[in-house]
Structure formats: C-alpha cells, structure tokens
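Me: I have a structure open and would like to go through some of the labels attached to it. Could you set each value against its cut-off for me?

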Amino acid sequence: MFDPATLQIPWITLTVFTPLIGAVVLAMVPAEHTSVHRTMAAAFMSATFLISLALLAGFDASIAGYQLTSAAENVSWIPGLGARYHVGIDGISLWLVLLTTFLGPIVVISGYSAVENRVKEYHIALLVLQTAMLGAFVSLDLLLFYVFWELMLVPMYLLVGVWGGQNRIYAAVKLFLYTMLGSVLMLIGIVYLYLKSDMAGFGIAELIETARLLTFKEQAWIFAAFALAFLIKVPLFPFHTWLPDAHVQAPTAGSVILASILLKMGTYGLIRYAMPMFPDAVYAFAPYIAVLSIIGIFYGAVIAYVQTDIKKLVAYSSVSHLGFVTLGLFSMSETAIAGAMFQNLAHGVATGGLFLGIGMIYERRHTRELADFGGLAKQLPVFSTLFLIICFASAGVPGLVGFVGEFLILTGAAESYALNFSGLGVRYFGDLTWGPDAQAMAFVTIAATGVILGALYLLWMVQRMLFGPLLNEENKKLKDLSMREVGYYLPLVLLAFFMGLRPQPFLDKMDASIGAFVDDIEQSANLYGPLVDEHAESERRYQQYLQETGSDDAWPIQAAHASEHGG
C-alpha cells in the first residue's frame with residue numbers, strides 16, 4: 001500500500017494551503033480575465049482534492065490516534081505562547097477533510113454562470129475559505145484551530161454580504177454576530193485552560209489533561225462556553241435563527257459550503273475539543289442537549305413543511321437533520337457516534353445536492369417560490385431525475401446515503417446510558433421503572449417519528465415542483481441541464497448511491513478512533529464513569545437472570561434489581 005509518510009512529504013499542509021496559493025495567484029491576474037479566474041480556481045480546487053487522496057491512501061484504519069504528521073508539521077509557531085503548528089488526522093477528521101476537498105471543484109464550477117460581478121474576488125473568497133475549513137479540521141493545537149475558525153468567518157461573510165440576495169447585508173451581519181458570540185465564549189474557555197496549564201501551550205493532549213483536573217463546577221462552566229460556540233455553528237435549536245437567513249441570501253456556492261461543511265465545524269468541534277476535555281460535564285449536559293436535539297428535529301421538520309420558498313425549506317431541514325447528529329454524539333455509544341459522523345457526511349452530500357439543484361432552477365426562473373413551479377419532470381427530465389434521487393437521499397430512503405446514519409444513531413441511542421436525567425440511577429414509581437433504558441428508548445421513539453416528518457416535507461416539495469401540471473407558462477421555455485451541470489451534479493448522485501449501498505468502507509476508517517474516544521470518555525469521567533460501569537454490570541446480571549428463569553417480560557433494570565436482591 002502507498003505510504004505517504006515514508007516520503008516525508010507534508011501532505012496535510014499541502015492539502016490545506018494549496019487553495020490559499022491559488023488565491024494568491026488569482027490576486028495577480030487582472031480582474032477583467034473572468035474566464036481565467038474561473039478556470040484557475042477550479043484547477044486549484046481539483047489539485048487540492050487530488051492531493052488529499054494521498055491522505056486516504058496512507059491512512060491506517062487500525063490506528064486510533066492522529067497520523068500522517070510529517071516532521072515539518074509539528075513545529076514551534078509562537079514560542080512565547082507555546083503555540084505550535086501541529087496538524088494531523090484521525091478517523092474522525094479524515095472523511096470531513098475529503099468531503100471538503102471533493103466539494104471544492106463542484107462549488108467553483110457551479111458558479112460559472114451564476115456569478116458575473118466581482119468574479120476575481122468571488123473566487124479568491126472561495127479559495128481562502130477552503131483553506132480555513134481544511135485547517136480547522138486538521139489542527140491539533142487549539143490556538144491554531146481558533147485562528148482557522150475565525151478565518152472562516154471573513155470569506156463566508158463576504159460571500160453572503162457581497163454576492164447574496166436582496167437582504168444580504170442583514171443576513172451577513174446576523175451570521176457574523178452569532179458566530180462571533182460563540183467565538184468569544186470559546187476564546188474565554190481557551191484562555192482559562194491556558195492559564196490553568198501554567199501557560200504550557202495549546203496542544204490538544206495537554207489541554208485535555210489540564211481540563212480533566214478541573215473541579216466539576218469548572219468543567220461545567222468551561223464546557224458550556226465551548227459547547228455554545230459549537231452548538232451555535234451546528235446550529236442546534238434554539239441557536240439556529242441565523243441559518244435560514246444566511247442560506248436564503250447566500251449564492252448557491254455559499255449555501256452548499258454552509259450546509260455541507262461549515263455546519264460540520266460545530267459537530268466536529270464538539271467531538272474533538274468540548275467532549276474529550278470535560279467528560280463529567282458531557283454526561284451531566286447530555287440529556288438536556290438531547291432534548292434540544294429532539295425539539296430541533298421536530299421544529300425544523302414542521303417549519304420546513306410550511307415554507308413556500310424552496311431554499312428556506314431546505315435550510316430548515318438542516319436544523320432537523322443535524323438534530324439527529326447531536327443526539328447521536330451525546331448518546332455516548334460507539335454505534336450512535338459512528339452514525340452521527342456518517343450522518344455528517346450524508347448531510348453534506350444530500351443537502352449540498354439539494355442546494356445545487358435549487359441553484360440550477362433559480363438561474364433559469366429567478367424565483368424560488370413553490371407556487372411558480374409544477375410539472376418540471378416533463379420539461380426537465382434529466383434534472384428531475386437527479387434532483388429526485390437527491391431528495392430521496394435526504395429523506396433517508398434505504399439504499400441511499402441518508403438512511404445509514406439515522407439508523408445507526410437511533411440504534412445506538414437506544415442502548416445509551418447517557419440519555420437520562422437520573423444520573424444513571426433508577427427511580428421506581430410503583431411497578432414502573434424509569435431508568436436509563438426506558439429514558440433512552442423514549443428519546444429514540446420520539447426522534448424516530450421525526451424521520452417520517454422529514455419524508456413528508458421533502459415529498460411535498462417534490463410533488464409541488466416536479467409533478468402535476470405546468471403552473472406557469474414560463475416553465476415551458478426552460479431547458480434541461482447542460483453537460484457542465486450534469487458533470488458537477490452527477491458525482492453527488494453517484495456518491496449518494498455508493499455511500500448508501502457500501503457504507504462500511506467509510507465506517508471502518510472511523511471505527512478505531514471512535515472506539516478509543518468513547519472508552520477514554522468513560523474511563524475519565526470521575527463522577528459518571530463508575531455509574532456507567534455499575535449499570536453495565538446490572539445489564540450482565542439481567543442477562544443471567546433471563547437465562548436462569550427463562551423469563552423475557554421484565555424491564556431490564558427491574559430484572560437486574562430483582563436478581564441483585566435474590567429474586
């Protein structure tokens with residue numbers, strides 16, 4: 001197998017900074033050469049994707065920790081602060097990096113005919129944003145991560161504020177204010193940990209060790225600061241209100257990047273920083289975040305159903321879909337977390353595809369109102385076929401990418417010890433046991449009905465757009481997809497099929513890292529870890545009880561309790 005590490009080439013750094021090099025080159029090309037800017041931006045994005053394939057080729061799925069870091073990628077950056085330029089990848093970050101590089105050329109090519117003003121600046125913004133996103137995914141120094149985190153905001157603000165719709169300034173300022181609020185909270189947490197570590201540095205391992213020595217009260221407050229920063233970015237209900245405005249006003253490329261990559265910064269930040277640093281706080285906050293996730297699943301789906309603007313409909317669908325992701329993460333089981341990370345990828349493919357399809361229609365009709373469409377399946381058969389497949393993928397139809405993650409999340413959450421409000425203890429109400437098993441199952445049952453709502457609003461949109469009579473005479477003049485549009489849309493459709501039918505290669509790369517993450521959290525939770533072990537022992541006694549009695553009609557905790565007390 002090809003091993004990039006043996007060549008001592010800094011593949012991660014090359015992947016991160018190739019787009020930035022492209023931005024510098026584009027800055028030297030006169031603004032009037034718009035076709036050159038488009039071609040060069042696509043070329044640099046494509047080169048970035050090809051370079052990132054070296055990371056996939058050299059990745060060892062059996063290693064749980066960070067890998068593929070060359071000698072030049074772990075060096076002193078700001079000696080006075082102890083900050084380092086330290087980058088690496090593991091099974092959690094690998095696929096997010098590849099999703100980002102895969103979408104890069106697609107995003108650039110999709111804007112060839114959509115953006116005609118300030119073409120040079122537009123493509124520079126896309127390239128700088130690409131570097132910032134990739135840098136955030138591979139940073140192993142918290143200060144370095146924060147620099148990339150903040151850098152993402154600048155080009156995204158410009159994409160919405162300069163190339164957005166009629167209310168672009170309002171949406172851009174709202175995006176900026178919400179994100180900055182989260183950033184300030186995270187910065188406070190970073191500074192606190194840095195001072196607690198005697199200013200030793202910002203390395204992930206060192207700050208995790210420092211954070212775990214904090215009192216529970218300290219853990220809870222600093223976890224809240226980090227978690228709010230990341231949950232605003234997800235966005236979790238009720239921190240979501242900036243998202244629909246940003247999506248609706250952003251150009252197509254901005255909407256795709258926002259949905260497919262930037263929202264994943266929130267979930268990635270949770271699993272990379274907030275959760276491993278504060279294990280006891282994670283267990284304490286988990287059921288409350290799960291409640292907000294459930295509310296988000298329903299709220300996003302219901303609000304999406306009543307939208308008349310198809311772009312806003314898809315925007316609210318992200319609130320619903322990412323509610324599943326946060327539910328999976330805070331279930332704290334390997335199956336649920338694997339499902340959450342896979343659902344991150346699935347949402348990037350499916351929702352990115354939805355926004356691309358909406359962008360194609362908007363270029364032709366300059367409207368996003370559902371009432372202006374109908375009957376497009378006859379007029380645009382190629383578009384309708386590909387768009388329908390993406391809609392089914394987003395709805396979680398088996399065989400497509402959206403099904404696998406949601407299934408794993410629900411399955412893993414059902415066996416979670418973290419989704420309960422009783423500190424893993426058991427409360428009895430007469431003959432009713434309301435322990436971790438029952439509470440987790442209640443969460444899963446409610447969340448599962450959200451899947452049905454997701455199918456409803458997407459099928460409603462498909463029916464109004466693609467089928468029935470042509471409601472507007474202008475629709476009869478529309479032309480089907482060009483070869484260029486098929487060329488950048490078809491890869492997403494094929495990937496939706498491949499990931500839905502063959503999810504195991506993606507899950508295998510994550511398995512070791514996720515397993516190590518869950519084990520580490522459980523072993524490092526001083527308050528909740530022993531309760532997890534105690535409950536696991538109760539489960540073992542329950543199984544023994546069933547074998548001895550032949551009974552299968554008792555609640556798990558009731559049976560374990562009976563077995564423990566001799567009956």
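Predicted model: local features only at pLDDT ≥ 70, side-chain atom pairs only at ≥ 80, totals over all residues.

Me: What makes helix 4 and helix 10 roughly parallel or antiparallel?

Reply: The angle decides it. The axes of helix 4 (residues 119-138) and helix 10 (residues 252-277) cross at roughly 20° and come within 11 Å. Angles under 35 degrees count as roughly parallel, so helix 4 and helix 10 are roughly parallel to each other. Their crossing is left-handed.

Me: Which residues meet where helix 4 packs on helix 10?

Reply: From helix 4 come Tyr122, Leu126, Leu129, Met133, Ala136 and Phe137. Helix 10 brings Ala253, Ile257, Ile261, Leu262, Lys264, Met265 and Tyr268. By class, this contact has twelve nonpolar, no polar and one charged residues.

Me: And what is the angle between helix 7 and helix 10?

Reply: Helix 7 (residues 204-212) packs against helix 10 at an angle of about 30°, with the axes 8 Å apart. The cut-off for roughly parallel is again under 35 degrees, so helix 7 is roughly parallel to helix 10. In this contact, Ile204, Leu207, Ile208, Ala211 and Arg212 of helix 7 meet Arg272, Tyr273, Pro276 and Met277 of helix 10. The residues divide into seven nonpolar, no polar and two charged.

Me: How do you know whether helix 13 is parallel or antiparallel to helix 15?

Reply: Look at the angle once more. The axes of helix 13 and helix 15 (residues 381-395) cross at roughly 150° and come within 9 Å. Angles over 145 degrees count as roughly antiparallel, so helix 13 is roughly antiparallel to helix 15. The crossing of helix 13 and helix 15 is left-handed.

Me: Which residues make up that contact?

Reply: Ala350, Gly353, Leu354, Gly357, Ile358, Met360 and Ile361 in helix 13 meet Phe383, Phe387, Ile390, Cys391, Ala393 and Ser394 in helix 15. By class there are ten nonpolar, three polar and no charged residues.

Me: Which residues have the most contacts inside the largest nonpolar core?

Reply: They are Phe226, Phe278, Leu329, Phe387, Met461 and Met465, in a core of 190 residues. The largest share of this core, 16 residues, comes from helix 10. As for phenylalanine 387, its contacts beyond four places in sequence are Leu354, Gly357, Ile358, Met461, Met465, Leu466 and Tyr489.

Me: Is methionine 332 buried or exposed?

Reply: Methionine 332 has a relative accessible area of 5%. Buried means under 20%, so methionine 332 is buried. Methionine 332 sits in the loop between helix 12 (310-329) and helix 13 (334-365), and its phi is near 60°, a positive value in a residue other than glycine.

Me: What about arginine 118, buried or exposed?

Reply: Its relative accessible area is 56%. Exposed means over 50%, so arginine 118 is exposed. Arginine 118 also has a positive phi, about 50°, although it is not a glycine, and its place is in the loop between helix 3 (94-110) and helix 4. Most residues other than glycine have a negative phi.

Me: Finally, what puts proline 287 in the buried or the exposed class?

Reply: Proline 287, in helix 11 (residues 279-305), has a relative accessible area of 1%. The limit for buried is under 20%, so proline 287 is buried.

Key: Residues numbered from 1 in each chain as written. Heavy atoms only, no water. Axes fitted to C-alpha atoms, helices over the stretch in contact; angles between N-to-C directions. Helix = DSSP H or I, 4+ residues; strand = E, 2+ residues; numbered from the N terminus. Parallel < 35°, antiparallel > 145°, perpendicular 65-115°, else oblique. Left-handed = near helix turned anticlockwise from the far one by under 90°. Contact = heavy atoms within 4.5 Å. Nonpolar A, V, L, I, M, F, W, Y, C, P; charged D, E, K, R; others polar. Core = buried A, V, L, I, M, F, W, Y, C linked by side-chain atoms within 4.5 Å. Buried < 20%, exposed > 50% of the residue type's maximum accessible area, 1.4 Å probe, protein only.
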